[in-house]
Amino acid sequence: MEFIDPNLVPQRRLNNGMVIPAIGMGTFGNDKFESDEVAEAVYGAIKAGYRLFDGASAYGNEKEIGKAYQRAFKEGIVQREELTIMTKVWNNMHGKGDVLVACAESLRDLGLDYVDIYMVHWPFPNFHEKGAHLSEGRNPDYKPFDLEEYMGVWRQMEKLYDMGLCRCIGMSNVTITKLEQILPLCRIKPAVLEVEINPSFQQPSLFDYCKKHDIQLIAFSPLGSPCRPERDIMEDDVVTWEMPELLEIAKAHNCHPATVCVKWAVQRGQIPIPFSVYENEYAGNLRSVTEDFLTDEEMEKLRKADRNARIIKGNVFLWEGAADWRDIWDHDYERNIPYNEQAK
Ligand SMILES: NC(=O)c1ccc[n+]([C@@H]2O[C@H](COP(=O)([O-])OP(=O)(O)OC[C@H]3O[C@@H](n4cnc5c(N)ncnc54)[C@H](OP(=O)(O)O)[C@@H]3O)[C@@H](O)[C@H]2O)c1
């Protein structure tokens, strides 16, 4: 098994002083990989040198992943304090008192006393079961974002932080439009925001906004999510790995386009959390951020290559009355004008 020294992996400092690795591993099996396979990959990844893991109760694999952590602790491969473990409250646990219960359930399943980063998975209470498909009609119970509802969830997150059950709290899948409403009401500001970012969807406006507000971006689907569930596939989706700019740079570095995505993310400053159950891929992803860096010219070429094309659109969460998935994202397309179109 290849070992990449965690000391060689770049680190990021969060707004509450926590220092975490600049790359982690995702654990959503995309409804394709069994929980045991994902857990085995987590164990392998710890052995390979990963110290940051993204998870969620919605991924349905926290019990298995918890066993992988315990095994790694027991075998002395790593100490609990050396890992940064992230998880999220699912959308069915937004009610009064529910967030505490959800956090307790994740702690029980993971076999931990605390998680390092606890996030709100989505900014509405619209939930689906694991493996859900897009249904014909909209669920009549689904609702759009509601500031009061969200702040009810965030107040509970702040309490969890006060109680020491998590070392920091964060958000996921919120836009600038939502952050502008939420941030002034926060007693404790989010330290991280987990959103989709990859070379075909770079979110430059959100990137700058988070930088200004000292919120660390965590990039989900950093490789363009080639194995995403059926429900997240639309006919005209951009295929990140087919971008000529990416292919050209991959050729120059004699590597897979996925590797360029990982390098680009770390050099730009968002924390990528690529998923893979294959040792050569996950170890390679970690190794790639310790060597053979992209040049300034290559970084600039990739910046200009942005397609402003969201891949994970969230159609499964749409409520009655919403026009389409763009409503979930407050039409942020208009804010994220791609570099190529700015001059037009
Ligand atoms: N907060 C949220 O709402 C949210 C939403 C989505 C995802 N996430 C998080 O983000 C993580 C990653 O996102 P994702 O799984 O959608 O997509 P991703 O990381 O962009 O893509 C994962 C796929 O890329 C392939 N791959 C990985 N490394 C590779 C390499 N070195 N060379 C070639 N292929 C490689 C693998 O395909 P093969 O299996 O075919 O090798 C893998 O299934 C998830 O696991 C989850 O933790 C969070």
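Student: Where is H331 found?
Tutor: This is a predicted model, and in it H331 sits in the loop between α10 (296-304) and α11 (339-342).

Student: Is H331 buried or exposed?
Tutor: H331 counts as exposed, because it has 12 C-beta neighbours inside 10 Å.

Student: What about the phi of H331?
Tutor: That phi is positive, near 55°, and H331 is a residue other than glycine. For background, most residues other than glycine have a negative phi.

Student: Which loop is N30 found in?
Tutor: N30 is in the loop between β2 (19-21) and α1 (35-48). N30 also has a positive phi, about 55°, although it is not a glycine.

Student: And how many C-beta neighbours does N30 have inside 10 Å?
Tutor: N30 has 17 of them, so it counts as partly exposed.

Student: OK, on to helices. At what angle do α1 and α9 cross?
Tutor: Roughly 40°, with the axes of α1 and α9 (residues 279-288) coming within 10 Å. The two helices are therefore oblique to each other, and their crossing is right-handed.

Student: Which residues make that contact?
Tutor: From α1 you have A41, G44, A45 and A48, and from α9 there are E279, Y282, A283 and L286.

Student: How do the residues of the contact of α1 with α9 divide?
Tutor: Six are nonpolar, one is polar and one is charged.

Student: Switching to the sheet now. What is the order of the seven strands?
Tutor: The order is β3-β4-β5-β6-β7-β8-β9, in an open sheet with parallel pairing. At the edges are β3 (52-54) and β9 (271-272), each of which pairs on one side only.

Student: How many bridges do β7 and β8 pair over?
Tutor: Five bridges, with β7 (residues 192-196) and β8 (residues 216-220) paired in the parallel sense. If you want a spot to look at, V192 stands opposite Q216 in β8.

Student: Which strands does α3 lie across?
Tutor: α3 lies across β4 (84-89) and β5 (115-120), and it runs at about 140° to β4.

Student: I clicked on V99. Which helix is that in?
Tutor: V99 is in α3 (residues 98-110).

Student: Is V99 buried or exposed?
Tutor: V99 is buried, because 23 other C-beta atoms lie within 10 Å.

Student: What does V99 touch?
Tutor: Leaving out residues up to four places away in sequence, V99 touches V89, M93, V153, Q156, M157 and L160.

Student: And how many residues apart in sequence are V99 and V120?
Tutor: They are 21 residues apart in sequence, and 9.2 Å apart in space, C-alpha to C-alpha.

Key: Residues are numbered from 1 along each chain as its sequence is written. This is a predicted model: local features need pLDDT of at least 70, side-chain atom pairs count only at pLDDT 80 or more; totals for chains, interfaces and linings use all residues. Helices (H or I, at least four residues) and strands (E, at least two) are DSSP runs, numbered from the N terminus. A residue is buried if 20 or more other C-beta atoms lie within 10 Å of its own, exposed if 12 or fewer, and partly exposed in between; C-beta atoms are placed from the backbone. Axes are lines fitted to C-alpha atoms, for helices over the stretch in contact, and angles run from 0 to 180 degrees between N-to-C directions. Angles under 35 degrees count as roughly parallel, over 145 as roughly antiparallel, 65 to 115 as roughly perpendicular and the rest as oblique. A crossing is left-handed if the near helix is turned anticlockwise from the far one by less than a right angle, and right-handed if clockwise. Two residues are in contact if their C-beta atoms, placed from the backbone, lie within 7 Å. Ala, Val, Leu, Ile, Met, Phe, Trp, Tyr, Cys and Pro count as nonpolar, Asp, Glu, Lys and Arg as charged, and the others, Gly among them, as polar. Two strands pair if DSSP finds at least two bridges between them.
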